[in-house]
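Welcome! Have a look first.

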Amino acid sequence: MPDIFNSILNGTTGLGTFLICIISSVIFGILISIVYILTHRKESYSQSYVMSIIMLPGIVSLIILLINDTSKALGLAGAFSLVRFRSVPGDPKDIAYIFFSMAVGVSCGLGYIAFAVIFIIILSAFILVLNTIKYGAPKTSSMTLKITVPENLNYQGLFDNVLNANTVSWRLKRVKTVDFGTLFDLVYSIELKNDVDQKKFIDSIRTLNGNLNVTLILYKYDDQIYAK
């Protein structure tokens with residue numbers, strides 16, 4: 001690998017070196033995308049993001065190969081790769097994958113392909129192990145609960161026993177009349193225990209609210225429950 005590195009620094013990069021660096025970076029991007037998919041099997045993710053992970057190492061490698069000044073190349077590559085996250089909220093883990101891909105692209109662009117392989121193997125192994133053992137996962141799920149009750153039902157204290165049995169903590173956030181005052185919507189913020197059967201939890205509430213609507217939703221989507 002030192003020969004590749006020296007040829008890049010001396011501006012004498014040939015077609016063979018160029019192809020080795022770019023093809024390697026694309027292959028490594030595919031490997032990183034596989035790790036990302038494996039760690040997001042139970043979560044939602046977009047195909048465009050997966051494709052971005054594959055493309056990014058090759059793009060960074062090309063920039064470094066074409067610009068002899070490494071510091072300028074890194075600055076330009078960083079600006080290109082992170083521009084998406086300036087206006088769009090992103091999961092910190094997703095941003096970390098961007099840096100993962102960038103680091104691999106830099107290694108390939110500088111000719112340290114063997115180091116890139118070792119780096120991918122070590123970091124991917126750690127990511128998969130930590131994801132498997134659910135390292136750092138909370139014991140509760142922060143959720144929003146919306147319960148609809150008829151106007152003639154006294155809701156104060158009605159659901160306390162059910163909430164106390166199935167949550168670590170809860171708080172009534174909002175009470176709103178709907179359907180010309182014939183119904184009330186109660187909105188709670190709750191910390192639901194992870195071992196709770198959500199269907200049984202909802203069914204126990206339905207027995208108390210006259211079998212009207214009950215909505216249970218994650219905090220990051222809780223703005224959707226207010227839409228009518």
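Q: In what order do the elements of the protein chain run from the N terminus on?
A: The order is α-α-α-α-α-α-β-α-β-β-α-β. Helices here are DSSP runs of H or I with at least four residues, strands are runs of E with at least two, and both are numbered from the N terminus. This is a predicted model, where local features need pLDDT of at least 70 and side-chain atom pairs count only at pLDDT 80 or more, while totals for chains, interfaces and linings use all residues. Residues are numbered from 1 along each chain as its sequence is written, and side-chain values use heavy atoms, leaving out hydrogens and water.

Q: How many helices and strands does the protein chain have?
A: There are 8 helices and 4 strands.

Q: Why is I63 called buried?
A: Buried means under 20% relative accessible area, exposed over 50%, and partly exposed in between, using a 1.4 Å probe and protein chains only. I63 has 11% relative accessibility, so it counts as buried. I63 sits in helix α3 (residues 47-66). Across the protein chain, buried residues make up 37% of the 228 residues.

Q: What makes α2 roughly parallel to α6?
A: Helix α2 (residues 15-39) and helix α6 (residues 113-132) pack at about 5°, with axes 10 Å apart. Angles under 35 degrees count as roughly parallel, over 145 as roughly antiparallel, 65 to 115 as roughly perpendicular and the rest as oblique. That makes α2 roughly parallel to α6. Axes are lines fitted to C-alpha atoms, for helices over the stretch in contact, and angles run from 0 to 180 degrees between N-to-C directions.

Q: Which residues of α2 meet α6?
A: Among them are I20, F28 and L38 in α2, while the α6 side includes I113, V117 and L128. A contact means heavy atoms within 4.5 Å.

Q: How do you know that strands β1 and β3 pair?
A: Two strands pair if DSSP finds at least two bridges between them. Strand β1 (residues 140-150) and strand β3 (residues 183-193) are joined by 11 bridges and run antiparallel, so they pass that test. T144 stands opposite S189 in β3.
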